[in-house]
Amino acid sequence: MSAEVDAGRDSAEARLHVDGVAMVRLLGAQDRLLTTLEKQYPLASVHVRGNDISITGDPAQVEAAKRLIEELLVMVRDGHDLSPVEVASSARIIQSGTSPADVLSQAILTAKGKSIRPKTLGQKQYVDAIDQNTIVFGIGPAGTGKTYLAMAKAVQALQRKEVNRIILSRPAIEAGERLGYLPGTLTDKIDPYLRPLYDALNEMMDPELVPKLLASGTIEVAPLAYMRGRTLNDSFIVLDEAQNTTPEQMKMFLTRLGFGSRMVVTGDITQIDLPTSASGLRLVTRVLDGIDDIHFSRLTSDDVVRHSLVGRIVDAYTEYDARKQADHYEREQAREFANRAERRTGVPRDHLPKRR
């Protein structure tokens with residue numbers, strides 16, 4: 001690849017020639033990746049003719065777009081199949097002064113011809129935290145890969161013989177619905193709650209091997225209630241949907257930790273399905289914050305790797321919740337003002353002038 005930049009006072013042009021790479025891998029089917037790149041830099045225009053790419057427009061955005069294309073080319077040459085999520089994420093990583101090729105090229109597993117790897121800077125920091133700490137909490141909205149990456153690290157640890165077994169757990173809490181009495185055995189009743197964990201396992205391992213590992217106890221998928229009274233040694237333990245644990249359940253789970261074990265606890269504190277709002281995950285962020293060898297990774301909408309709409313949905317709900325909390329605070333302040341005035345004057349608050 002060769003590149004050059006011509007800069008004027010108000011505009012600039014960069015030209016790149018790409019060698020040894022099929023342009024469809026860089027630009028995407030129907031130029032989807034090119035469209036994503038252009039959205040990152042609205043003040044720059046990208047034109048492609050054959051293997052030649054020219055970028056014109058605002059000098060800063062032209063330079064950033066050129067750097068992004070160069071980083072994407074490194075990733076493609078390393079065998080990385082790009083997606084729109086990774087193009088957008090790479091643009092944000094460049095803004096932070098880091099190389100996307102360095103951040104996003106670390107494969108955790110290769111399963112069924114597909115590499116499982118971090119796709120955002122937040123995910124890379126989360127995966128690194130799992131390597132460096134005994135207990136890691138992955139907290140963030142839906143679609144940020146917090147459970148999927150934790151399970152990939154668990155499978156990797158088992159394959160490397162760093163642990164002797166994997167234990168995957170979830171609290172069996174209904175998400176707002178009343179499912180009634182489910183038919184079948186106890187296993188039949190709890191399987192729907194654990195199905196996402198089985199699905200992820202089958203994506204990461206040979207589907208014929210998974211039943212054998214489950215039967216031998218090398219992999220255990222169980223509801224949280226089954227953890228009570230146990231000590232879990234030489235294990236990689238993942239607790240999913242932890243926002244639906246009570247404070248007592250969270251303490252019970254964390255104290256199962258045995259020698260040679262690691263724990264990852266994942267959840268989204270904005271999606272609590274408990275009858276009351278007393279979430280063990282919400283409380284533990286205050287109780288254990290600052291303790292050595294325990295790390296809290298907080299993922300955001302920038303780390304969502306599902307459809308781009310998911311990130312915008314997460315942001316919209318976050319803004320709504322912030323407004324609702326602000327309104328609640330104002331009402332509480334007005335009520336406290338009225339109470340103080342009533343105690344001071346003895347006049348019932350209904351007769352006080354309204355606070356403006």
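This is a guided tour of one structure, stop by stop, for use in a viewer.

**Before starting**

The model is predicted: local features need pLDDT of at least 70 and side-chain atom pairs count only at pLDDT 80 or more, while totals for chains, interfaces and linings use all residues. Residues are numbered from 1 along each chain as its sequence is written, and side-chain values use heavy atoms, with hydrogens and water left out.

**The whole chain**

Display the protein chain, which has twelve helices and twelve strands; helices (H or I, at least four residues) and strands (E, at least two) are DSSP runs numbered from the N terminus. Of its 356 residues, 43% are buried (under 20% relative accessible area, with a 1.4 Å probe and protein chains only).

**The cavity**

Select Leu26, Leu27, Leu33, Leu34, Leu37, Val46, Val48, Ile53, Ile69, Leu72 and Val87, the lining of the largest cavity. A cavity is a set of points on a 1 Å grid over the protein atoms alone where a 1.4 Å probe fits but cannot get out, and lining residues have an atom within 4 Å of a point. The structure holds one cavity of 30 Å³ or more, and the largest cavity contains about 70 Å³ of space; volume here is the space filled by probe spheres set on the points, which are joined across faces, edges and corners.

Next, colour helix H1 (23-27), helix H2 (32-40), strand S3 (44-49) and helix H3 (59-77), the elements that each give two or more residues to this lining. H2 gives the most, with three residues.

**Helices H10 and H11**

Move to helix H10 (residues 247-254) and helix H11 (residues 280-287), which pack at about 65 degrees with axes 8 Å apart. Axes are lines fitted to C-alpha atoms, for helices over the stretch in contact, and angles run from 0 to 180 degrees between N-to-C directions. Show the side of H10 formed by Pro247, Met250 and Leu254, which meets Gly280, Leu281, Leu283 and Val284 of H11; contact means heavy atoms within 4.5 Å.

**Ile135**

Finally, select Ile135, in strand S7 (residues 135-139). Is Ile135 buried or exposed? Ile135 is buried, with a relative accessible area of 7%. Apart from neighbours within four places in sequence, Ile135 is in contact with Leu254, Leu257, Met263, Asp293, Ile294 and His295. Leu254 was also selected at the previous stop, as part of the H10 contact with H11.

Definitions and conventions:
1 Å grid on protein atoms, 1.4 Å probe; cavity = no way out; pocket = protein on both sides within 12 Å on 5 of 7 lines; lining within 4 Å. Buried < 20%, exposed > 50% of the residue type's maximum accessible area, 1.4 Å probe, protein only.
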